[in-house]
Amino acid sequence: MYYQSTRNSDLKISSAEAIVSGISRDGGLFVPDSVPKMELSEIVSLGDFGYPERAAAVFKKYLTDFTDDEIKTCVSRAYSSGSFDTENVMELSELRPGLNILELWHGPTCAFKDMALQILPHLLTASVKKTGTDKKVCILVATSGDTGKAALEGFKDAEGTEILVFYPENGVSKMQKLQMTTQDGSNVGVCAIKGNFDDAQTGVKRIFTDPEVAKTLSDHGIMFSSANSINWGRLAPQIVYYLSTYAQLVKDGKIKAGDKINVVVPTGNFGNILAAYYAKLMGTPIAKLICASNSNNVLTDFIRTGVYDRNRKFYTTISPSMDILISSNLERLLYHLSGGDSEYIGTIFSELSSTGRFAVNDRIKSALSELFYADFCDDAETKSAIAATKRDYGYTTDTHTGVAVGVYNKYLSATGDTAPTVIASTASPYKFPAAVLEALGAGTGYADEFEMADKLCELSGMPIPKALSELKGKKPRFIGSVEKSEMLDAVYSLLKIK
Ligand SMILES: *Cc1c(COP(=O)(O)O)cnc(C)c1O
């Protein structure tokens, strides 16, 4: 299998090259030249194996330049080394017959990004070796909270890598800050900057693309690479859990092989729901992909009208990981729906960057409404969904999952479609305790996040994740902050250059 760019379908590179490069030089994203198919019996038989083997079976289809041994090493380091708090890696919780929550937050940072970021470092170091360089890889991340911590946990002590995370000094939650500043590992750096998330992101981009910096690094045997959500090495691992979920539902007798399921995904950058789309293309019997947004509902409008327009008010919500107006991975979907027309994709996405808006043609518009259903919940609706789920099923969700549950309820009343459904749950409620407690009517009177966690434990009956309770009393390693202009110095200091 080869990979093309969404803006150049003549490009032909290996998966290793796609993973090392992250993004194509033409500005496009890497996509497989054809999506591999699996027979229903093959999908169902995944249920006979543990998660690492399920992942290996899927990776074999996409990473055809990797040997079986290389794949095996990657999946076992990621998924059977004890970094997930359940041996199953993902869990299914049944709210009622036909309605299941897919818990994707059993990893070390309690959010679904661990599913991919636990394996990306292993895929990346293997890919670097395969592409024939012996350079050390330096990962730079600008984060508004979740991605930084998940990347740190994934890359800590990964051979041949160094990672440096920049976050806005006053732009992350207390718990997120503590998670990052107490990070262990001998190859990690965490740096607060005096500025906002955009400043961090712009600074990283500038360092990343500065040829002089690249030359200095190269002279020291180091190269930059990226861990952000458009890297194919982050998308492929997300396809696994949708196939795995289908196989598990059959194995548990919840559905019969061949029954179609609906999948609901709380969506921001469109990576997670795109993985479900790939699972469907591969042969998983998925009927509707239900795209759930918060008040930043640019995708709801796009899927309904075919017009993508980011020129709108930006809302800061209680589901911050979905506060996004540019959903980067959408480009991959549109490439496939256009039949691989990279010229067309180049045109609409350059329109997006110059005007903030584009409209797709009728063919894509009707494909979108066939495949997807889209709706959104504002903060008040999200809180009522969290309260109702607790009341009706005794199950507590985080705010992002709350958006998905709320949107599913809207889908149900709009369509009456009672097909078996899986709702992707992207974070543990303990990651957003203040908003969840407020939704449950117990919002005030706490000294800190740890007291909130204790109360949430009492109300939800869910165990507090060790990764979060262990932070209590832990001493920060990375203190202080730097000016925006000092970011490059921080990189050189981590890499012991100059
Ligand atoms: C990143 C994130 C999302 C959004 O996922 P995308 O793949 O960007 O659509 C949703 N929920 C949580 C908790 C996240 O961290």
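How many residues surround the ligand, and which are the closest? The ligand has 15 residues around it, and Lys 113, Gly 268, Asn 269, Asn 272 and Thr 426 are the closest; a residue counts as near if one of its heavy atoms lies within 4 Å.

This is a predicted model, in which local features need pLDDT of at least 70, side-chain atom pairs count only at pLDDT 80 or more, and totals for chains, interfaces and linings use all residues. Residues are numbered from 1 along each chain as its sequence is written, and side-chain values use heavy atoms, with hydrogens and water left out.

| Residue and its atom | Ligand atom | Distance |
|---|---|---|
| Lys 113, side-chain N or O | oxygen | 2.5 Å |
| Phe 270, polar backbone atom | oxygen | 3.0 Å |
| Thr 426, polar side-chain atom | nitrogen | 2.8 Å |

Of the 380 Å² of accessible area that the ligand has on its own, the protein covers 97% (Shrake-Rupley method, 1.4 Å probe). Five nonpolar, eight polar and two charged residues make up the shell; Asp, Glu, Lys and Arg count as charged, Ala, Val, Leu, Ile, Met, Phe, Trp, Tyr, Cys and Pro as nonpolar, and the others, Gly among them, as polar.

Now to the second largest pocket. A pocket is an open set of points on a 1 Å grid over the protein atoms alone, where a 1.4 Å probe fits, with protein on both sides within 12 Å along at least five of seven lines; lining residues have an atom within 4 Å of a point. The second largest pocket holds about 980 Å³ of space, the volume filled by probe spheres set on the points. Its lining has 43 residues, with Gln 118, His 122, Glu 153, Gly 154 and Lys 156 nearest the centre. With six residues, α6 gives the most to this lining.

Notes. Polar contact = N/O pair within 3.5 Å; in protein donor to acceptor, adjacent residues only side chain to side chain. Helix = DSSP H or I, 4+ residues; strand = E, 2+ residues; numbered from the N terminus.
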